[in-house]
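Here is a short note for a colleague opening this entry for the first time. Please keep the structure in view while reading the points.

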Amino acid sequence: MKTIIITLFLGTLITACQSDVNPNRVLTKAKLVNALAVDGCGWHFEVNLTDEIGSYVTSDASNEKVNALISQARNQYGIYVLEVEMSFELTGKKKKVMCGWGKTPEFDEINIQEIRVLR
């Protein structure tokens, strides 16, 4: 009987210690923005960091998730904005984004695991 209880306890402990939590995954509120019409940049995410705003662009693998939400973005004076909550991981790559005056800066690329619109 003691052996069974110890085995069950150890099995539960091992299962509890195994987790699919990824330390590189970030859960945050962000803005999906397109301000290209007013000399800003095309579709990208803006995230409030401690002392600055981080700008990120989706990987090709995440584009479908974002494209499904773009129609919900509100247009005000040529700037499209959609507030979202998302979990993502940095890919370690950079990706060019079309901006006004023909500029194409490189933003950090992200893979989006989950995204939902905030109302």
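1. Start with W43. The model is predicted. In it, W43 is partly exposed, at a relative accessible area of 27%. That value falls between the cut-offs of under 20% for buried and over 50% for exposed.

2. Now look at the ring partner of W43. The structure holds two aromatic pairs. W43 sits in the loop between β1 and β2, while Y80 belongs to strand β5, so the pair ties together parts 37 residues apart in sequence. Y80 is partly exposed too, with a relative accessible area of 33%.

3. The other pair is Y56 with F88. Their ring centres are 5.5 Å apart and their planes stand at 45°, so this pair is also tilted. Distant parts of the chain are linked here: Y56 is in strand β3 (residues 53–58) and F88 is in strand β5, 32 residues apart. Are these two residues buried or exposed? Y56 has 10% relative accessibility and counts as buried. F88 is buried as well, with a relative accessible area of 3%. Both values meet the cut-off for buried, under 20%.

4. How many residues does the largest nonpolar core have? It has 16. F45, L82, M86, I110, I112 and I115 have the most contacts inside this core. Four strands each supply at least two of its residues: β1, β2, β5 and β6 (106–117).

5. Two backbone angles deserve a check. Most residues other than glycine have a negative phi. D39 has a positive phi of about 65°, although it is not a glycine. D39 lies in the loop between β1 (26–34) and β2 (44–48). That residue counts as partly exposed, at 46% relative accessibility.

6. Where is Y77 placed? It is in the loop between β4 (74–76) and β5 (79–96). Y77 has a relative accessible area of 73%, which means that it is exposed. The cut-off for exposed is over 50%.

Key:
Residues numbered from 1 in each chain as written. Predicted model: local features only at pLDDT ≥ 70, side-chain atom pairs only at ≥ 80, totals over all residues. Heavy atoms only, no water. Buried < 20%, exposed > 50% of the residue type's maximum accessible area, 1.4 Å probe, protein only. Phe/Tyr/Trp six-rings, centres within 6.5 Å; stacked < 30°, edge-to-face > 60°. Core = buried A, V, L, I, M, F, W, Y, C linked by side-chain atoms within 4.5 Å.
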